[in-house]
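Q: I am new to this structure. Please show me how to read its packing, one feature after another.

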Amino acid sequence: MKILAVDTSCDESCAAIIDTAQWKLLSDVVHSHVDSMKKFGGIVPEIASREHLKGLPLAVHEALEIAQLKASEIDHYVVTNRPGLIGALLVGLSFTKSLAFATEKPFSTLNHIEAHLFSPLLATLNGQEPPPFPWIACVVSGGHTEIFHVHSLFQYTWLGGTLDDAAGEAFDKVGKLLQLSYPAGPKIDKWVRESATEEHRKRYKFPRAKTEAHTLSFSGLKTAVALQVKKTDLSNLDEVLAIAASAQEAILDAVVEKLIQSQKSLGVPTLVLTGGVACNSRLRQKLPQAHFPIPKHCTDNAAMVALLAGYYAKHDKLIPEPWNTTAYPSLDLAELSTLSGQK
């Protein structure tokens, strides 16, 4: 079976094709719209939707071209329809429905967070061994910082997550306070990696919130950074670097500490991290024992959606959906465990 997958949950138009018979990814295309957001200092939902209207047809065309396939040769279409920016999701959903309808093929929807969750299994497409179940897994990105106990394929429990800002959102807010351009997370990571010393990382003692069980909080950190910035001459680049480095340490320490606590409390040896913040080099340094997808599969992509659809198809769970299926901007993550395996 050849499956074409689409993801437009945020500001990347993504398309990928998997051949489940060969268990091979035939194409993997991402058209980023970050440049269109830079002048606004963040993602503007309406602009993102307009960019998808232009970018998604190009991404799908490119995915088909790389795979040397016609749309009529796709056996099943899938698209993420939750959670995300509602306008962006609707563009992807409507376009995918139209392709499926025009070619008289079935279509299904998948959950964007669930696709991230199982993205480490993309290693199987290259003949590599995936991390052994069970996992403590963290989807850590600009919009989410969520912790799961993954028992096996399709079987997982949401344990908890951030009570306020996501880790990636905290990076972007720190960057905005320091007058760094959007997106700030990768810029802070690169700048600190190349220029900061241990003294820079320890100069400011920004808070690591002490929260219950498997939850995190970054709002106090954001406030502490804002108060320090008010007292700082931002023309002094050494001070700006120290604030950025110290804030990064606080954000990542909070994530690392919570994940290690979750591992110990549940007795789970395998740790997995996915999502955009999982690209951060300092986070990878702090968790050398953890499993990370390659960076391009940590950020939003359709390869992970195609992979998940492939697993659903292999287990006869990829169920065609009606044409009136719609999109949802949010989903109670506690419901994910009840949704797992239901496709």
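A: Start with two helices. The axes of α2 and helix α3 (residues 86-103) come within 9 Å, and they cross at roughly 35°. This is a predicted model: local features need pLDDT of at least 70, side-chain atom pairs count only at pLDDT 80 or more, and totals for chains, interfaces and linings use all residues. Residues are numbered from 1 along each chain as its sequence is written, and side-chain values use heavy atoms, with hydrogens and water left out.

Q: How are two packed helices described?
A: By the angle between their axes and the distance between the axes. Axes are lines fitted to C-alpha atoms, for helices over the stretch in contact, and angles run from 0 to 180 degrees between N-to-C directions. Helices (H or I, at least four residues) and strands (E, at least two) are DSSP runs, numbered from the N terminus.

Q: In which hand does α2 pass α3?
A: The crossing of α2 with α3 is right-handed. Right-handed means that the near helix is turned clockwise from the far one by less than a right angle, left-handed anticlockwise.

Q: Which residues of α2 and α3 meet?
A: Contact means heavy atoms within 4.5 Å. From α2 come S49, H52, L53, L56, P57 and V60. From α3 come G87, A88, V91, G92, F95 and L99. By class, that contact has eight nonpolar, four polar and no charged residues. Ala, Val, Leu, Ile, Met, Phe, Trp, Tyr, Cys and Pro count as nonpolar, Asp, Glu, Lys and Arg as charged, and the others, Gly among them, as polar.

Q: At what angle do α6 and α9 pack?
A: Helix α6 (residues 184-195) and helix α9 (residues 237-266) pack at about 110°, with axes 10 Å apart. That makes α6 roughly perpendicular to α9 (65 to 115 degrees). α6 passes α9 in a left-handed crossing.

Q: Is strand β4 mostly covered or uncovered?
A: Buried means under 20% relative accessible area, exposed over 50%, partly exposed in between (1.4 Å probe, protein chains only). Strand β4 (residues 76-82) is mostly covered, with seven of its seven residues buried.

Q: Which strand does β4 pair with over five bridges?
A: Two strands pair if DSSP finds at least two bridges between them. β4 pairs with strand β5 (residues 107-111) in the parallel sense. Y77 stands opposite F107 in β5. Strand β1 (residues 2-7) also runs parallel to β4, joined by four bridges. There, V6 has V79 as its bridge partner.

Q: Where is D75 found?
A: D75 is in the loop between α2 (45-67) and β4. D75 counts as partly exposed, because its relative accessibility is 35%.

Note on methods. Parallel < 35°, antiparallel > 145°, perpendicular 65-115°, else oblique.
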